[in-house]
Amino acid sequence: MTIAPQDFFPQIADWVANLDDIFPGKQIKPWFAQWEVGHILSLIILGGTSILLNLRLIGVGLTDEPPSELHRNLRGWMWAGVLGIVTTGLLIGSANAERLYTSEAFTAKMIGLVAGIILTFSVTLPATKNDGALGPVSRIFGILGLAIFLGGVGMFLQAKLSNPGLWHVISAAALIVLFAARGLTRIIYLGVMLAMIAAQQVMTHIVVKADDYAHLDPVNKGFAWAFVAVILLTAVISAVASGRGREASPLTKGLAFAAILVWVMTAAAGRWLAFA
Amino acid sequence: MIRDFLVWMAKFGKGPGEYDPSWSDLLASSLNFWGLLEGTHVLSLMLFAGTIFIVDARLLGLVFKKTPVSVVSDRILPLTVFGMIIMVATGAALVFAKPLLYYHNVWFRLKVVFLIAAFINIVVMHYRLQWNMAEWDALPKPPAKIQISAFISVACWILVITFGRFIAYDWYNCGKPLPAWANAIEECKTSADGALDLKGNPL
């Protein structure tokens with residue numbers, strides 16, 4: 001049993017097989033690369049605005065201005081990014097439907113997309129609009145978005161040959177925490193991370209041979225969980241104890257953290273579609 | 001001369017045996033590492049290009065009109081530079097993995113041209129245009145010359161991204177029947193796949 005869309009929706013196989021022969025897939029196909037560029041540019045706009053807005057909630061970046069000023073200036077760009085990525089995604093997806101239908105990474109990508117939209121419109125935009133304050137309905141949707149995001153991570157983890165793409169999410173999380181942590185917390189965190197990276201290199205290049213995949217896989221997965229534990233522990237310490245981003249509560253900061261990572265995961269799953 | 005260097009790079013670390021891989025071969029054929037490098041190169045666009053576009057939008061007078069340009073630059077550009085370091089490091093490693101493939105690729109050559117143009121624009125902006133920044137720092141719309149430079153920046157990066165994506169497509173790969181201009185630009189005659197005219201005749 002795999003977790004590709006074909007395993008959940010086998011009844012639509014014939015429809016999917018014909019999608020690139022009918023509108024709009026048929027028209028998009030000759031211009032696939034150009035539409036892909038549109039997809040990447042939309043991702044860049046969405047990524048840039050998501051990073052700046054959510055980092056501001058965490059207390060990093062354009063901290064000279066209140067979050068509401070960032071919201072006023074960037075909300076239109078963020079909308080453009082989301083609409084652009086969904087529109088171009090649907091179009092290039094219709095021209096490449098069979099490939100996506102049989103891809104496990106695509107399932108993770110779609111779950112990430114749903115979680116990304118929920119977190120963007122229930123956390124990022126409302127929290128920045130209200131200078132860090134998040135109402136009860138937004139909190140409920142935010143937690144729902146977080147749960148779906150974690151479900152997407154679980155799916156990505158199960159996606160054979162694509163799941164190394166989760167290292168992108170772990171790396172992004174590590175960098176965000178590095179930006180957000182302060183003082184001694186940051187120094188200790190950086191030291192621990194560098195020591196763990198060195199240990200991973202020793203384990204996967206010297207202790208275990210580079211072509212011994214049967215042993216490399218569990219070692220790398222073990223390190224992945226260890227990195228996640230250190231990152232999350234430091235994130236919690238920074239969110240609760242740090243003086244940064246005083247406008248937002250620790251819960252809002254945590255959701256803002258997830259609201260960046262969810263787009264990284266969605267993009268990573270999309271990229272690893274090509275490798276699996 | 002450049003090609004000679006890339007040939008040396010492609011063979012660097014190769015053992016004495018005919019089929020011993022070079023370091024470049026090992027990187028290109030790695031199970032996951034090449035994918036992680038390529039994925040990181042693409043994903044860090046969100047950080048690099050996503051933030052530089054917003055700084056350029058401020059210089060064009062499109063966003064943060066009430067915030068001084070210096071504040072936007074000081075707070076956002078460190079993120080951009082961090083993204084650029086990741087992009088350059090991963091980009092260099094990707095070229096190291098397949099140096100000759102990229103050398104004989106028209107899209108890669110165009111990408112490099114606009115990368116150089118973008119960096120020249122940064123230097124011009126930094127050293128020639130921003131000398132009187134204090135006079136226009138707080139203006140909603142900076143002077144025309146600054147806006148032109150910001151527009152060139154956005155255009156260059158969009159072209160760099162576009163041509164970067166096109167590298168993955170084999171439309172103009174050496175060894176395929178190609179128009180004369182493509183064979184000339186890509187120096188296909190010196191490539192391992194050779195040069196063919198549009199009728200399929202070797203050149």
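In this predicted model, helices α9(A) and α12(A) are roughly antiparallel to each other, because their axes cross at roughly 150° and an angle over 145° counts as roughly antiparallel. The two axes come within 9 Å, and α9(A) passes α12(A) in a right-handed crossing. On the α9(A) side the contact is made by A:His168, A:Val169, A:Ala172, A:Ala173 and A:Ile176, while α12(A) contributes A:Phe257, A:Ile260, A:Leu261, A:Val264, A:Met265 and A:Ala268. Sorted by class, the residues of this contact divide into ten nonpolar, one polar and no charged.

**Helix α12(A) and its packing against α4(A)**

Helix α12 of chain A covers residues 250-272, and 21 of its 23 residues are buried, so α12(A) is largely enclosed by the rest of the structure. At 1.5 Å a residue, the 23 residues of α12(A) should span 33 Å, and the end C-alpha atoms lie 32 Å apart, which agrees with that expectation.

Helix α4 of chain A, made up of residues 32-58, also packs against α12(A), with axes that come within 8 Å and cross at roughly 160°. That angle makes α4(A) roughly antiparallel to α12(A), and α4(A) passes α12(A) in a left-handed crossing. The residues of α4(A) that take part are A:Leu43, A:Leu46, A:Gly47, A:Ser50, A:Ile51, A:Asn54, A:Leu57 and A:Ile58, and they meet A:Thr252, A:Lys253, A:Ala256, A:Phe257, A:Ala259, A:Ile260, A:Trp263 and A:Ala267 of α12(A). By class, the contact of α4(A) with α12(A) has eleven nonpolar, four polar and one charged residues. A:Phe257 and A:Ile260 of α12(A) take part in the contact with α4(A), and A:Phe257 and A:Ile260 are also listed in the contact with α9(A).

At 1.5 Å a residue, its 27 residues should span 39 Å, and the end C-alpha atoms of α4(A) are 38 Å apart, which agrees. Just after α4(A), A:Gly59 takes a positive phi of about 105°.

Which residues does A:Gly47 touch, not counting those up to four places away in sequence? A:Gly47, which lies in helix α4 of chain A, touches A:Trp263, B:Met46 and B:Gly50 under that condition, and its partner A:Trp263 is one of the α12(A) residues that meet α4(A). A:Gly47 and A:Thr107 are 60 residues apart in sequence, and their C-alpha atoms are 21 Å apart in space.

**Helices α5(A) and α7(A)**

Helices α5(A) and α7(A), the latter comprising residues 104-129, pack at an angle of about 155° with their axes 8 Å apart, and the two are therefore roughly antiparallel to each other. Here α5(A) passes α7(A) in a left-handed crossing. The α5(A) residues in the contact are A:Pro67, A:Ser68, A:Leu70, A:His71, A:Arg75, A:Met78 and A:Val82, and those of α7(A) are A:Ile117, A:Thr120, A:Leu125, A:Thr128 and A:Lys129. By class, this contact has six nonpolar, four polar and two charged residues.

| α4(A) with α12(A) | eleven nonpolar residues | four polar residues | one charged residue |

**Contact between chains A and B**

Between the chains, 29 residues of chain A are in contact with 29 residues of chain B. The elements that give two or more residues to the side of chain A that touches chain B are α4, α5 (67-95), α9 (166-180) and α12 of chain A. Of these, α4(A) gives the most, with twelve residues. By class, the side of chain A that touches chain B has 18 nonpolar, seven polar and four charged residues.

**B:Asp20 in chain B**

B:Asp20 lies in the loop between α1 (2-11) and α2 (23-28) of chain B. With 10 other C-beta atoms within 10 Å, B:Asp20 is exposed, because 12 or fewer such atoms place a residue in that class. Leaving aside its neighbours within four places in sequence, B:Asp20 is in contact with B:Lys14 and B:Gly15. The C-alpha atoms of B:Asp20 and B:Lys98, 78 residues apart along the chain, are separated by 16 Å.

Technical notes:
Residues numbered from 1 in each chain as written. Chains lettered and ligands numbered in written order. Predicted model: local features only at pLDDT ≥ 70, side-chain atom pairs only at ≥ 80, totals over all residues. Axes fitted to C-alpha atoms, helices over the stretch in contact; angles between N-to-C directions. Helix = DSSP H or I, 4+ residues; strand = E, 2+ residues; numbered from the N terminus. Parallel < 35°, antiparallel > 145°, perpendicular 65-115°, else oblique. Left-handed = near helix turned anticlockwise from the far one by under 90°. Contact = placed C-beta atoms within 7 Å. Nonpolar A, V, L, I, M, F, W, Y, C, P; charged D, E, K, R; others polar. Expected span 1.5 Å × (residues − 1). Buried ≥ 20, exposed ≤ 12 C-beta atoms within 10 Å, placed from the backbone.
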